Amino acid sequence: MNAGIIGIGRYLPEKVVTNADLEKIVDTSDEWIRTRTGIEERRIADDSIDTSDMAYESALKALENAGIEPEDLDLILVATVTPDHPFPSVACMLQERLNANKAAAMDISAACAGFMYGIITGKQFIETGTYKHVLVVGVEKLSKITDWNDRNTAVLFGDGAGAAVIGPVSDGRGILSFELGADGTGAKHLYQDEYIIMNGREVFKFAVRQMGESCINVLDKAGLSKEDVDFLIPHQANIRIMEASRQRLELPVEKMSKTVDKYGNTSASSIPIALVEELEAGKIKDDDLLVMVGFGGGLTWGAIAMRWGR
């Protein structure tokens with residue numbers, strides 16, 4: 001039995017914060033931000049919207065897209081480092097709000113790689129026949145742990161949510177291979193104290209190396225080559241990191257998802273948000289081979305090769 005994505009959805013806050021807006025509160029410029037990160041604007045949730053609210057909105061859309069009801073869910077996994085509370089988990093709050101009475105629920109903390117960790121965890125339950133439907137949500141309200149006086153991090157992050165329903169798919173489709181990894185020795189380069197603290201230089205070097213390697217590794221595991229890839233969906237952290245992955249796969253520009261310019265780095269939600277965007281734009285079709293790859297604090301990383309379709 002192959003596991004794959006059978007439904008997706010996303011939520012983005014209405015408020016747009018542009019680089020010009022940030023110029024007014026921190027020592028930076030639109031040109032500096034764009035040339036170094038590719039970011040032009042980001043979405044920021046207001047005080048009335050917390051992480052669980054965004055998770056809920058994206059989950060409703062994913063369930064509708066999958067054509068299933070909340071009571072059909074067996075497990076809810078929420079990837080986030082910005083929960084409403086230390087506990088209960090966002091997943092449990094979401095289970096109650098959806099009225100998904102039979103679903104087990106837990107949060108996953110793998111920072112920007114969290115959605116990959118969630119998808120790969122959900123895959124195991126589906127393919128062993130233990131569960132039929134797993135809801136995976138990547139969601140962050142990074143604005144509440146961002147130091148808006150720190151020019152190095154304030155320009156990077158945004159808020160949002162993306163959700164996917166994982167279930168059985170037809171032969172030849174679904175998740176063909178995966179890679180998960182962690183390097184705790186790099187934890188000191190990206191962590192939360194009161195706010196996000198990042199050694200940008202070290203994180204950049206790690207990400208450029210690991211994202212490219214993981215893309216190649218999942219293709220090798222699936223018995224595929226770079227020429228087989230139809231579309232790349234990298235974690236939307238920094239356009240230069242993303243470009244390094246694209247070049248490693250020797251893909252043309254139009255075959256890589258780019259939403260970082262509009263939404264910034266939304267951590268665990270960036271890959272599902274980008275996936276929805278490209279599907280709505282008609283850039284991904286049934287039987288396309290997708291590579292999704294993310295990295296984050298921990299340090300953590302994850303990648304999958306997936307044949308799209310139900």
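Buried means under 20% relative accessible area, exposed over 50%, and partly exposed in between, with a 1.4 Å probe and protein chains only. The model is predicted: local features need pLDDT of at least 70, side-chain atom pairs count only at pLDDT 80 or more, and totals for chains, interfaces and linings use all residues. Residues are numbered from 1 along each chain as its sequence is written, and side-chain values use heavy atoms, with hydrogens and water left out.

**View 1**
The largest pocket has a volume of about 790 Å³. A pocket is an open set of points on a 1 Å grid over the protein atoms alone, where a 1.4 Å probe fits, with protein on both sides within 12 Å along at least five of seven lines; lining residues have an atom within 4 Å of a point. Grid points are joined across faces, edges and corners, and the volume is the space filled by probe spheres set on the points. The lining of the largest pocket counts 35 residues, and L156, F157, L190, M198 and V203 lie nearest its centre. By class, the lining holds 21 nonpolar, 11 polar and 3 charged residues. Here Ala, Val, Leu, Ile, Met, Phe, Trp, Tyr, Cys and Pro count as nonpolar, Asp, Glu, Lys and Arg as charged, and the others, Gly among them, as polar. At least two lining residues each come from helix 2 (30–37), strand 9 (190–192), strand 10 (196–198), helix 6 (200–221) and helix 7 (239–249). Helix 6 gives the largest share, 4 residues. Helices (H or I, at least four residues) and strands (E, at least two) are DSSP runs, numbered from the N terminus.

**View 1. The largest nonpolar core.**
A nonpolar core is a set of buried Ala, Val, Leu, Ile, Met, Phe, Trp, Tyr and Cys residues joined through side-chain atoms within 4.5 Å. The largest such core has 40 residues; L219, L232, L249, V291 and F295 touch the most other members. Helix 6, helix 7, strand 12 (289–296) and strand 13 (300–307) each supply at least two residues of this core. Its largest share, 8 residues, is from helix 6. Another core lies apart from it, with 31 residues, including M116, I120, A274 and L275. In soluble globular proteins, nonpolar side chains tend to be buried together.

**View 2. Helix 6 from end to end.**
Helix 6 has 22 residues, which at 1.5 Å a residue should span 32 Å; its end C-alpha atoms are 31 Å apart, in agreement. The expected span is 1.5 Å times one less than the number of residues. Among the buried residues of helix 6 are V203, F206, A207, Q210, M211 and S214. After helix 6 comes G223, with a positive phi near 70 degrees.

Contact means heavy atoms within 4.5 Å. Leaving out residues up to four places away in sequence, F295 touches C112, A113, V203, F206, A207, M211, H235, A237, I241, T300 and W301. M242 lies in helix 7. M242 is buried, at a relative accessible area of 0%. M242 and G294 are 52 residues apart in sequence, and their C-alpha atoms are 9.9 Å apart in space.

**View 3. The loop between strand 12 and strand 13.**
G297 is in this loop. G297 counts as buried, at 14% relative accessibility. Beyond four places in sequence, G297 touches A110, A111 and L190. The C-alpha atoms of G297 and A110 are 6.8 Å apart, across 187 residues of sequence. L299 is also placed in the loop between strand 12 and strand 13. The peptide bond from G298 to L299 is cis, with omega near -15 degrees.

**View 4. Backbone exceptions in other loops.**
Most residues other than glycine have a negative phi, and most peptide bonds are trans. F87 and P88 are joined by a cis peptide bond, with omega about 5 degrees. P88 sits in the loop between strand 4 (75–79) and helix 4 (90–98). E250 is not a glycine, yet its phi is positive, about 55 degrees. E250 is in the loop between helix 7 and helix 8 (260–263), and counts as exposed at 56% relative accessibility. D287, also not a glycine, has a positive phi of about 75 degrees. D287 is in the loop between helix 9 (270–280) and strand 12, and is partly exposed at 39%.
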